[in-house]
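Subject: Structure handover

Hello,

Here is the structure I promised to pass on. Please open it first, then read my notes below.

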Amino acid sequence: MTPIRAIGKYLDQPLLIAKINKNVPALLAIGSTGVLVNQVNEAPKKKKFKTGIKTSIILGATALSAIKAPKIASYLTGRQNSKTVSQIKEINSKLIDEFLQNNNVDKNINKILNKAKTKVLSLKEVHELFKTDGLRDMANKLVPPPDNIKAKDIFKEIGWLSIYGAVPVAGGIAGGTIADRLTEKNWKDRIPNKVNEGIYQYLANIFLCNIGAGAALGILEKFNIKSKTARCLGMIGGILTTGVIGGSVIANYIGNKIINPMMNKKYKSDYRTPELLDLSLHTDDIATISLLSGLKWIEPSLPLLYAVSGYRAGIGYRNHPARSNNEKEAHFLRQKC
């Protein structure tokens, strides 16, 4: 087994994935605390308390939504939820006990197998397990090989991913609206920015990227192209075309033509252009590619990645602040004077 394959097998251990999933709430709490402290420190002295309240509500709503997102997405799509740590320990123990009763193994392998019942194996132990003659079938039961998703399953998986990403964004918008309602007099005027940013985050950074990756995967399968490298490159191309390029244009069009007139006829948002953080958020597309390629080790990162989009929607981020028509006219007169 090559070192790269050994690393992949190590990361794909169901028990390791389950333990990471279990710690996602703690990781979100740590990250949220860091953002909160930073926001309060940067706020003017008179606004520190209000900033703390608003940021806490937005982060809390976003984090809670991100934690609940996989269960909500699984319920709506019929996808099986990931197994818990205790369930995996029970499965592993049963498999290993049955195997050891019917097979003779050396002392070192016996030790590794008994450890695998309840603990995550080290990279060296995983390598040893998979390279030992007569253990390949057993090793593949403990760490199942990735399955290439078929075309018929692509859009079910994309549906799960898209709902998964939508929940934190919706949570961020709800949290941001509640925070503004409690701290700002003109809270209603702030809603369009949150909705527009939510649409931008969802379409440009999540949904259309998933569609592009899935469409590319379907085309590759139609031409019977099974190479993992080709699948990966094809999905990257689909993501760039539909998400990074098309998502920004579509999101801005929906915001200016539908959302703004519906919420405030005087409101017109400036064009939301992609920036460095938006591009970095496309790291979640690596997760999409990995999941659609059959790899599972990236899945625990999704709540952390989607929570960033949720938070930006919650604060109504715009990189070109909008002005109402009256504000623009006043600005024009001041410039003339």
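**What was found**

What covers the buried residues of helix α6 includes α1 (3-11), α5 (107-116) and α7 (136-142). Cover here rests on contact, meaning heavy atoms within 4.5 Å. Helices (H or I, at least four residues) are DSSP runs, numbered from the N terminus.

Two points on the source. This is a predicted model, in which local features need pLDDT of at least 70, side-chain atom pairs count only at pLDDT 80 or more, and totals for chains, interfaces and linings use all residues. Residues are numbered from 1 along each chain as its sequence is written, and side-chain values use heavy atoms, with hydrogens and water left out.

**Helix α6**

α6 spans residues 123-131, and its buried residues are Glu-125, Val-126, Leu-129 and Phe-130. Buried means under 20% relative accessible area, exposed over 50%, and partly exposed in between (1.4 Å probe, protein chains only). Down the axis of α6, the buried residues fall within an arc of 125°, so they line one face of the helix. The arc is taken from the directions from the helix axis to the C-beta atoms.

**α3 against α13**

Helix α3 (residues 48-77) and helix α13 (residues 302-314) have axes that come within 9 Å and cross at roughly 140°. Axes are lines fitted to C-alpha atoms, for helices over the stretch in contact, with angles from 0 to 180 degrees between N-to-C directions. On the α3 side, Thr-55, Ile-58, Leu-59, Thr-62 and Ala-66 take part; they meet Pro-303, Ala-307, Gly-310, Tyr-311 and Gly-314 of α13.

**Salt bridges**

There are eight salt bridges. The rule is a side-chain nitrogen of Lys or Arg within 4 Å of a carboxyl oxygen of Asp or Glu.

Lys-50 pairs with Glu-184 (3.2 Å, N to O). Lys-50 sits in α3 and Glu-184 in the loop between α8 (151-183) and α9 (191-222), 134 residues apart. Lys-50 is partly exposed at 28% relative accessibility. Glu-184 is buried at 14%.

Glu-184 also bridges to Lys-54 (3.2 Å, N to O). Glu-184 lies in the loop between α8 and α9 and Lys-54 in α3, so the pair ties together parts 130 residues apart in sequence.

Lys-117 and Asp-97 form another bridge, with their closest N and O atoms 2.7 Å apart. Lys-117 is in the loop between α5 and α6, and Asp-97 is in helix α4 (residues 85-102). Lys-117 is buried at 16%; Asp-97 is partly exposed at 33%.

Best wishes

Conventions. Helix = DSSP H or I, 4+ residues; strand = E, 2+ residues; numbered from the N terminus.
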